[in-house]
Amino acid sequence: MTLYLKLGGREAMVKAMPRLRARLEQDPCFDLSRLQKEFERAEDFTEFLIFLVGGAPFYDGKPICELLSPICTCKEVYERFVDHLVMVLFAGKRSEDDESDLRDLMKTLRPQVLDPRPVDPIMVYSVEQELISA
């Protein structure tokens, strides 16, 4: 069973986003004034989380660094963000293994959020099928 299913699926994750925002607003470590639009709709972050925990085969929204870098400015603040995320997603149904899995996934994202590197552009060519098989 995927972490997505263990968390309760899309509905549970969508319902957790207002609670996450409320927790972040109450925590003085976070300045959400720059992200009011992002967290009012929170669709990209929700969709990213669904993808991250195995509920979607792809994600085509904003890069995670654009979503979280403005509010997660250092390692300690990022860890607090992860703590809040864990609390709202596992509210009342905590499993240490599942929580650890989510924390591990978020840990792999930390470098991309805290120190995003520019991505070199790649050249994409379109070739007619006849030319490929010639």
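Let us start with Arg110, a residue that is buried in this predicted model. Its relative accessible area is 17%, and because the cut-off for a buried residue is under 20%, Arg110 falls into that class. Arg110 sits in helix α7. Which residues does Arg110 touch, once neighbours within four places in sequence are left aside? The partners are Lys75, Tyr78, Glu79 and Asp115.

Three of those names will return in a moment, for Lys75, Tyr78 and Glu79 belong to the contact that helix α6 makes with α7. I turn to that pair of helices now.

Helix α6 covers residues 75-89, and helix α7 covers residues 96-114. The two pack at an angle of about 145°, and their axes lie 10 Å apart. The crossing of α6 past α7 is right-handed. On the α6 side, the contact is formed by Lys75, Tyr78, Glu79, Phe81, Val82, Asp83, Leu85, Val86 and Leu89. On the α7 side, the residues are Glu99, Leu102, Arg103, Met106, Leu109, Arg110, Val113 and Leu114. Sorted by class, this contact of α6 with α7 holds 11 nonpolar and six charged residues, with no polar ones.

Helix α6 has a further partner to consider, namely helix α2, which spans residues 9-26.

The contact of α2 with α6 divides into nine nonpolar residues, one polar residue and two charged residues.

How many helices and strands does the protein chain have? There are eight helices and zero strands, so that the pattern along the sequence reads α-α-α-α-α-α-α-α. Of the 134 residues in the protein chain, 34% are buried, and Arg110 is one of the buried residues. Among contacts with a separation of 6 or more, 69% join residues 24 or more positions apart. The accessible surface of the chain comes to about 8800 Å², and carbon and sulfur atoms account for 53% of that surface.

Note on methods
Residues numbered from 1 in each chain as written. Predicted model: local features only at pLDDT ≥ 70, side-chain atom pairs only at ≥ 80, totals over all residues. Heavy atoms only, no water. Axes fitted to C-alpha atoms, helices over the stretch in contact; angles between N-to-C directions. Helix = DSSP H or I, 4+ residues; strand = E, 2+ residues; numbered from the N terminus. Left-handed = near helix turned anticlockwise from the far one by under 90°. Contact = heavy atoms within 4.5 Å. Nonpolar A, V, L, I, M, F, W, Y, C, P; charged D, E, K, R; others polar. Buried < 20%, exposed > 50% of the residue type's maximum accessible area, 1.4 Å probe, protein only. Areas by Shrake-Rupley, 256 points an atom, 1.4 Å probe, with all protein chains shown as cover.
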